[in-house]
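Student: I would like to go through this structure with you, one topic at a time. Could we begin once it is on the screen?
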Amino acid sequence: MSRCLNVGMVQSGGPAADFETCLARIKKDVEKLMGGMNVPELIAGVEMAVGCCWKGSPDKLEGDTIPGRVTQELSAIAKENGIYFMPGSMVERVEKDGKTIRYNSIPIFDPQGELIDVYRKICPYYPAESAITPGDRYVTFDIKEKNIKIGVLNCHDWCFPEISRNLALLGAEVLIKPAID
């Protein structure tokens, strides 16, 4: 079994774009990559690629649940193309104890379109992400066909070496860190 992993990157983000616009752009970018000479087995996108929806102020920050309507669309892209898929991050909205919490989250899909995990950014960049709640766990996932473990970070997380070190201690051989486009 070859441990070489073909990775594709998509820069599908845009300023304050709605989910539908972002999903259409991501789908188009994935189709372009899949039609190339070196077909990727894993595709990763940028931070806030999936419906940033900042609308100018943190109190107007939108989002979607995970799983939810947006992740159903992303799941279909992964399944249709038979790829591991980290489409980039999105604002995840969680209702907890009567309050709305928002995370800067990266959904991760396998080639069958199953949501295998969600990484929530541990170190939001303050004050720009003051409406974002920090995540509380490290995320790794396996590319079983290649016997490779991937560790996930998100943008500002790279400033804190403990995150990369802990991912390596969890067995990650490759670290993928989407960043704002």
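Student: How many residues has the largest nonpolar core, and which have the most contacts inside it?
Tutor: The largest nonpolar core has 21 residues, and those with the most contacts inside it are Leu-42, Met-86, Ile-108, Phe-141, Ile-143, Ile-150 and Val-152. A nonpolar core here is a set of buried Ala, Val, Leu, Ile, Met, Phe, Trp, Tyr and Cys residues joined through side-chain atoms within 4.5 Å. Buried means under 20% relative accessible area, exposed over 50%, and partly exposed in between, with a 1.4 Å probe and protein chains only. Please note that this is a predicted model, in which local features need pLDDT of at least 70 and side-chain atom pairs count only at pLDDT 80 or more, while totals for chains, interfaces and linings use all residues. Residues are numbered from 1 along each chain as its sequence is written, and side-chain values use heavy atoms, with hydrogens and water left out.

Student: What is Leu-42 in contact with, leaving aside neighbours within four places in sequence?
Tutor: Leu-42 is in contact with Leu-5, Asn-6, Val-7, Gly-8, Tyr-84, Phe-85, Met-86, Phe-141 and Ile-176. Contact means heavy atoms within 4.5 Å.

Student: Changing topic: how many salt bridges does a search of the whole structure find?
Tutor: The search finds nine, a salt bridge being a side-chain nitrogen of Lys or Arg within 4 Å of a carboxyl oxygen of Asp or Glu. One of them pairs Lys-121 with Glu-47, with the closest N and O atoms 2.8 Å apart. Lys-121 is in the loop between strand 6 and strand 7 and Glu-47 in the loop between strand 2 and helix 2, so this pair ties together parts that are 74 residues apart in sequence.

Student: Is Lys-121 buried or exposed?
Tutor: Lys-121 counts as buried, at 1% relative accessibility, and Glu-47 is buried too, with a relative accessible area of 3%. Lys-121 also meets Glu-129 in a salt bridge of 2.7 Å, N to O, and Glu-129 is buried at 6% relative accessibility. Through shared partners, Glu-47, Lys-121 and Glu-129 form one network of salt bridges.

Student: And what does Arg-120 form a salt bridge with?
Tutor: Its partner is Glu-92, the closest N and O atoms being 2.8 Å apart. Because Arg-120 lies in strand 6 and Glu-92 in strand 4, the pair ties together parts that are 28 residues apart in sequence. Arg-120 is partly exposed at 27% relative accessibility, whereas Glu-92 is buried at 2%.

Student: On to the strands: how many bridges join strand 4 to strand 5?
Tutor: Seven bridges join them, and the two strands run antiparallel. Two strands pair if DSSP finds at least two bridges between them. Their hairpin has two residues between the strands, and there Asp-97 takes a positive phi near 55°. Asp-97 counts as exposed, at 74% relative accessibility.

Student: Where are the cis peptide bonds, for instance the one at Pro-67?
Tutor: One joins Ile-66 and Pro-67, with omega about -5°, and another joins Tyr-126 and Pro-127, with omega about 10°. Pro-67 is found in the loop between strand 2 and helix 2, and Pro-127 in the loop between strand 6 and strand 7.

Student: Last topic: how many disulfides does the structure hold?
Tutor: It holds zero, a disulfide being a pair of cysteine sulfur atoms within 2.5 Å. For Cys-159, the nearest cysteine sulfur is that of Cys-155, 8.0 Å away. Cys-155 is buried, with a relative accessible area of 18%, and has a positive phi of about 45° although it is not a glycine.

Methods. Helix = DSSP H or I, 4+ residues; strand = E, 2+ residues; numbered from the N terminus.
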